[in-house]
Amino acid sequence: MTASASRPAPGWSPASWQSRPALQQARYPDRPALDAALAELAGLPPLVTSWEIHSLRKQLAAAARGDGFLLQGGDCAEGFADCQADIIANKLKILLQMSLILVQGLKQRVIRVGRIAGQYTKPRSTDLETRDGLTLPSYRGDLINGPDFTAAARTPDPTRLLLGHGRAALTLNFIRALSEGGFADLHHPENWDLDFMAHSPSAQDYRKMVEALGESLRFLRAVGCSASGELARVQFFTSHEALHLPYEQALTRQVRSFPGWFNLSAHLPWIGLRTADPDGAHVEFMSGIANPVGVKLGSGLSPEWLEALVARLNPHREPGRLVLIHRFGADQIARELPKMIAAVNRTGNPVLWVCDPMHGNTETTASGYKTRRFDRILAELSLAFDIHRELGGHLGGVHFELTGDDVTECLGGARGLDEVGLERAYRTQVDPRLNYEQALEMAMAIVRKLRAPMSGGSVNL
Ligand code: PEP
Ligand code: CO
């Protein structure tokens, strides 16, 4: 990391956001209890380390140069109840399998980042919710309050900050254990659930891809990479929306290994669309931390706004610092994205461009399910690859809401999940996620779209 990355602007401190307008914050009725929880949090061990953050920054810088590809994915909102071995392992498993498909197809290193171990807060369109004449605070994620529509559940509770830190630590502890060798078998497509492929019109392409991957892995084993050694170890990073600023502040620390301030609650915190005001509290906070920082971009934002934002968050134009995650929707991307790319090009900032094809393609069915269509998601992604390439750059990553479980929340995919089918296992508290099969198919569809050579070359795991 360059020296400037560790030097925040004069006047910045982990608390300097407090003098700016902070949107989407919880209102705690018991201020002393909040202060006590934050003081305790500030003394607890961090969740990630500065050297892991440093390594991620280097990898993101390489990806921005075209050497590497970011795969970011996980729940829209993690619940504390999701802190279970199977759910965590399944999420890692799908991310790993998708990444192997992408590595093989793109012939590039894939950086795996979960929306995991801390994705516990949600921005909401209204502060309050009214049902049958009763008005209560909106549910803002498990870090703040509970989803049940009772005054007790909906009142922001500071002890949840400690519980959330604990749940994130338990989740990460398990992730780290699995990453150190628990995935040996998963590297082999023979062990994957691939029945869905038969239902796809692209079945033949998909089968070839899987065969080529199996071949490459057998080759690696033959030349001495053992399934229990290097192949079994994988690197995972964590990310979440850095929405709850007092929580993020409490986990922002100085370390011995590097100068500067590190937000040690996650490797890659991001700023959501609703809190990306260059003069606002969230941008102020993120401007001074040494982590790589993501920002969501959507329709209605101006190129001037983006230029100001990029200058605020990456004034020294450091590679690996800024990840711009666009989410315009399949209908709007062709109109909006070129303006945004031109704005960033004017600044000369070496950002990593990532497409979130989920949040601009949300719709509600006649029976009231919030959903997304596989084809619309893929259409936006496909346009994103084309637009970046036509404008002389490249799309360096993808951002999905997904789960490793067999939920029925998004429509379509090889099995043609329809509106009636949504009822079977619709579980999300917030946004609809791709299920295991849909997520794996999405990775294959990306590779198919890019028509990368399916054989030859080596796989860099
Ligand atoms: C999200 O990623 O869950 C989210 C709320 O996204 P956005 O800020 O892009 O709306
Ligand atoms: Co979401």
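**View 1. The pocket that holds ligand 1.** In this predicted model, ligand 1 sits in the largest pocket, where sitting requires more than half of its atoms to lie within 2 Å of the grid points. A pocket is an open set of points on a 1 Å grid over the protein atoms alone, where a 1.4 Å probe fits, with protein on both sides within 12 Å along at least five of seven lines.

**View 2. Residues and polar contacts around ligand 1.** The surrounding residues (a heavy atom within 4 Å) include W270, G272, R274, K296 and R327, and by class the shell has four nonpolar, two polar and six charged residues. Polar side-chain atoms of R115, at 2.8 Å, and of H359, at 3.0 Å, each face an oxygen atom of the ligand in a polar contact (N or O atoms within 3.5 Å), while a polar backbone atom of L273 lies 2.9 Å from a ligand oxygen atom.

**View 3. The cobalt ion, ligand 2.** Its protein donors (N, O and S atoms within 2.8 Å of the metal) are C76 (SG), H359 (NE2), E401 (OE) and D431 (OD), at 2.1 to 2.4 Å. Because C76 lies in the loop between β1 (69-74) and α3 (85-106) and H359 in the loop between β11 (352-355) and β12 (363-364), this pair ties together parts that are 283 residues apart in sequence.

**Conventions.** Residues are numbered from 1 along each chain as its sequence is written, with chains lettered from A and ligands numbered from 1 in the order in which they are written. Local features need pLDDT of at least 70 and side-chain atom pairs 80 or more, whereas totals for chains, interfaces and linings use all residues, and side-chain values use heavy atoms, without hydrogens and water.

Notes:
Polar contact = N/O pair within 3.5 Å; in protein donor to acceptor, adjacent residues only side chain to side chain. 1 Å grid on protein atoms, 1.4 Å probe; cavity = no way out; pocket = protein on both sides within 12 Å on 5 of 7 lines; lining within 4 Å. Nonpolar A, V, L, I, M, F, W, Y, C, P; charged D, E, K, R; others polar. Donors = N, O, S within 2.8 Å, 3.2 Å for Na, K, Ca; no water. Helix = DSSP H or I, 4+ residues; strand = E, 2+ residues; numbered from the N terminus.
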